[in-house]
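Student: I am new to this structure and would be grateful for a close look at one part of it. May we begin once it is in view?

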Amino acid sequence: MKLSKKEKISYGLGAVGKDMVYMLSASYVLYYYQDICGVNAIAMGIIMMAARVFDAFNDPIMGVIVAKTKTRFGKFRPWLLVGTLLNAVILFLMFSAPPSLDGSGLVAYAAVTYILWGMTYTIMDIPYWSMIPAFTEGGKERESLTTLARSAAGVGSALITILTMMCVMALGGGNERLGFQRFALIVAILFVLFIGCTCLNIREKSTVDMESPSVGQMFRALIQNDQAMAVVVTIVLINCAVYITSNLVIYFFKYDFGGDSWYSSYTLFNTFGGVTQILAMMLFFPLLRKAFDAIRIFYISFCMAVAGYIVLLVLAFTDMSNVLLLFIPGFLIFAASGMLTVLTTIFLANTVDYGEVKNNRRDESVIFSMQTFVVKLASGVAAMVASICLAVCNLSSDTDAVSSAAVAESSVVGLRMTMTLFPVAGLLAAVWVFHQKYLLTDEKVEELAAEIRMRRRDNNA
């Protein structure tokens, strides 16, 4: 049975809510604790990396738990709802550091809330993405839903990118600490409402009834799926590039671009970028898909992103009094990021069918738990790189944010180089891994889907 419009909209709303939460954490936790609360940048980098190491064990185990779950509401929706409620509470607490805390107490508070946030996000994120191969068939239906979900996720990310600083300033009356607390509360409430719509309206289709695997079996099945591993490594490298930029762009505008109203220029740039990213997912990608296969679009997106970073680096060493000039590299980078986000999710979903044919196991939850882990791993690595950059360049809350002239030239040069050259290196590594390892062309995916349908008919005969 084809998915109804109501199901598609409900699933998309869930993506909007969860990526609002994720982007708020990925892009602003470091800024909140380092620049507003005064936590040492290196300490925050260590916290965020340590949390990601913990997730290396937490995420695959959660995938196994989901795979073993059997309730009358399905295996995915109960965890999706529970994880959302817990994560919403932790998100609010994470951006509500008590003013009385300082020093080691504040560091401990940041560490505990951030680690708990990662754990609870895993509880809801794994079942959310695992639902795609569970209630769609391979080919156009799955690709269509994946594109919709990723486009909706892009909307959620873009809303946070566009609105955060503007809302923080308005809600806090100029007090960023209070503004972040109130804004996080609003985001948490919207998150619960949107995922609630998903849980109420999505019904997963029945899947092949298999014996619940052990943790060891699941790890072996994942390692044996060479296509899943290729996509996982590609996602890590791409997201490292993207998150390094997203972590540092606010410092670029605050300390390099400068000016009394730096956050207005920052908001304008992010508004343009967010709209571009959404258009890339919802318009550019479908248009290109009519003329090119998914793998070729991947290479087109890669070239756009690298070109964008090169143009950004060149412009950064020229007169940056006009933010509109930054729209040129912004268009290339954001458009490429939007299409790559859709593509990597499609590629990962395809590896589920590949694994079923190769290993006789359909491990949606475990494979998609790896996506959750690697995306968070990438954000942790990016945060560590960003924190080292901030420490080395001596950019902190003590720096005069009003005038970029107050910042040493060596500091802004280091900032510019880190937010452009590091991402380019990550993208080059990603495209090399993908080119060498990924084999699932459009034709191969159709063959896999046909093979699975034939096997299921034989099993039901």
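Student: Within helix 14, what separates arginine 455 and glutamate 451?

Tutor: Please bear in mind that this is a predicted model. Arginine 455 and glutamate 451 are separated by about one helical turn, because they stand four residues apart in helix 14, which covers residues 442-460. The two form a salt bridge, in which the closest N and O atoms are 3.0 Å apart. Side chains of opposite charge can pair when their charged atoms come close.

Another of them joins aspartate 35 to lysine 254, with 2.4 Å between the closest N and O atoms. Aspartate 35 is in helix 1 (residues 5-36) and lysine 254 is in helix 8, so this bridge ties together parts that are 219 residues apart in sequence. Aspartate 35 and lysine 254 are both buried.

Arginine 416 counts as buried at 9% relative accessibility, and aspartate 256 is buried with a relative accessible area of 7%. Elsewhere, salt bridges link Lys18, Asp19 and Asp125 in a network.

The largest nonpolar core has 143 residues, and the members that touch the most others are Tyr33, Phe95 and Phe253. Helix 8, which spans residues 226-257, supplies the largest share of this core, with 18 residues. As for phenylalanine 95, its contacts beyond the neighbours within four places in sequence include Leu24, Tyr28, Val29, Tyr32 and Phe180. Gln181 and Ala184 are also among them.

Finally, a word on the cysteines. The structure holds zero disulfides. For cysteine 199, the nearest cysteine sulfur is that of cysteine 197, 9.5 Å away, whereas a disulfide would need the sulfur atoms to be within 2.5 Å. Cysteine 199 counts as buried at 10% relative accessibility, while cysteine 303 is partly exposed, with a relative accessible area of 47%.

Conventions
Residues numbered from 1 in each chain as written. Predicted model: local features only at pLDDT ≥ 70, side-chain atom pairs only at ≥ 80, totals over all residues. Heavy atoms only, no water. Buried < 20%, exposed > 50% of the residue type's maximum accessible area, 1.4 Å probe, protein only. Core = buried A, V, L, I, M, F, W, Y, C linked by side-chain atoms within 4.5 Å. Helix = DSSP H or I, 4+ residues; strand = E, 2+ residues; numbered from the N terminus. Contact = heavy atoms within 4.5 Å. Salt bridge = Lys/Arg side-chain N within 4 Å of Asp/Glu carboxyl O.
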